[in-house]
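Below are some notes for a first reading. Please keep the sequence and the 3D view open while going through the points.

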Amino acid sequence: MKNITIIGAGTMGNGIAHTFAQSGFKVSLVDISQEAIDRGLGTISKNLDRMIAKERITEADKKETLDNITSYTSIPDGVQKADLIVEAATENLELKLKIFKQLDEAAPADCILATNTSSISITQIAAITSRPDQVIGMHFMNPVPIMKLVEIIRGYSTSDEVTKTIMDLSVQLGKTPTEVNDYPGFVANRILMPMINEAIETLYNGVAGVEEIDTVMKLGMAHPMGPLQLADFIGLDVCLSILNVMYDGFKKDKYAPCPLLVNMVMAGKKGVKSGEGFYDYSVSRKAEKVSKSFID
């Protein structure tokens with residue numbers, strides 16, 4: 001397996017592309033616009049510069065990594081030689097089904113189709129294709145170049161051979177793959193998202209403030225990042241989408257998104273990506289708590 005295609009040049013997509021390219025794979029990075037690709041490549045370049053500054057890699061390593069990446073704005077062009085495709089588009093079922101239908105039609109017959117989804121059914125995605133045995137979940141953690149875990153999710157029809165191939169490939173990337181079965185939220189988000197949602201409920205109910213809640217979890221539970229700060233980092237819109245998927249799948253109230261989360265997303269307060277969530281990430285008020293008036 002030498003040629004890897006990544007669909008989506010956003011936060012997860014460019015991180016996955018970076019990781020494969022740095023490990024010596026030839027990477028095709030596909031997005032709908034050259035502007036999105038340029039942003040993604042710019043992020044990869046900056047992250048490589050940080051690694052150089054920390055003396056983890058050399059300038060030559062950076063050049064080799066970037067040389068391993070070719071960009072495309074067309075799925076058929078970007079998947080022609082692919083041995084593996086990793087889809088890293090927005091966490092939206094309709095969009096993913098549309099993309100996988102295109103991938104199935106355009107990709108080589110023996111190509112494995114993987115999705116970086118953090119909650120959507122692999123079985124449902126695979127069913128839109130003519131190769132359900134070759135469809136698998138490959139859920140990387142953010143930031144991809146640093147985080148070691150990859151959740152490997154088997155759909156109902158995913159073959160043993162494909163699963164082993166992706167498990168072994170993850171080890172080649174320096175990751176620790178963990179095989180899980182196809183249920184809403186898998187393992188990581190099935191446990192993480194209810195905790196984040198409960199932290200938001202705690203804020204919503206006026207039990208404590210943003211910094212106080214995060215401090216309790218950091219100092220009392222040894223979490224490296226508080227749940228509200230982590231939600232900002234993930235993206236509040238992404239958190240909401242994952243909770244909705246789990247609520248639809250399980251029909252249990254514990255997965256129902258807190259009204260505060262719903263309102264913040266509707267208001268455009270999505271966390272780091274929008275400049276404000278539970279904390280303010282603007283230049284003038286970086287990491288300040290969101291105003292009480294908004295919570296009210």
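Predicted model: local features only at pLDDT ≥ 70, side-chain atom pairs only at ≥ 80, totals over all residues.

1. Two packed helices are described by the angle between their axes and the distance between the axes. Here α8 covers residues 188-204 and α10 covers residues 227-234; their axes come within 9 Å and cross at roughly 115 degrees. The crossing of α8 past α10 is left-handed.

2. Now turn to strand β1, residues 3-7. Is this strand largely enclosed or largely open? In β1, 4 of the 5 residues are buried, so the strand is largely enclosed by the rest of the structure. A residue is called buried here if its relative accessible area is under 20%.

3. Two strands that pair with β1 can be traced in the view. With β2 (residues 26-30), β1 runs parallel and is joined by 5 bridges. One place to look is N3, whose bridge partner in β2 is K26. Between β1 and β2 the chain passes through helix α1 (residues 11-22), and this β-α-β crossover is right-handed.

4. Strand β4 (residues 84-87) is also parallel to β1, and 4 bridges join these strands.

5. Most residues other than glycine have a negative phi, and most peptide bonds are trans. Where does the loop holding P143 lie? That loop is between β6 (135-140) and β7 (149-154). The peptide bond leading from N142 to P143 is cis, with omega near 0 degrees.

6. E55 is not a glycine, yet its phi is positive, about 60 degrees. E55 sits in the loop between α2 (34-53) and α3 (59-67). Is E55 buried or exposed? The relative accessible area of E55 is 72%, so E55 is exposed, the cut-off for exposed being over 50%.

7. A222 is another residue other than glycine with a positive phi, near 60 degrees. Its place is the loop between α9 (210-221) and α10. A222 is exposed because its relative accessible area is 64%, and exposed means over 50%.

Notes
Residues numbered from 1 in each chain as written. Heavy atoms only, no water. Axes fitted to C-alpha atoms, helices over the stretch in contact; angles between N-to-C directions. Left-handed = near helix turned anticlockwise from the far one by under 90°. Buried < 20%, exposed > 50% of the residue type's maximum accessible area, 1.4 Å probe, protein only. Pairing = 2+ DSSP bridges. Right-handed = clockwise from strand over helix to strand, strands pointing away.
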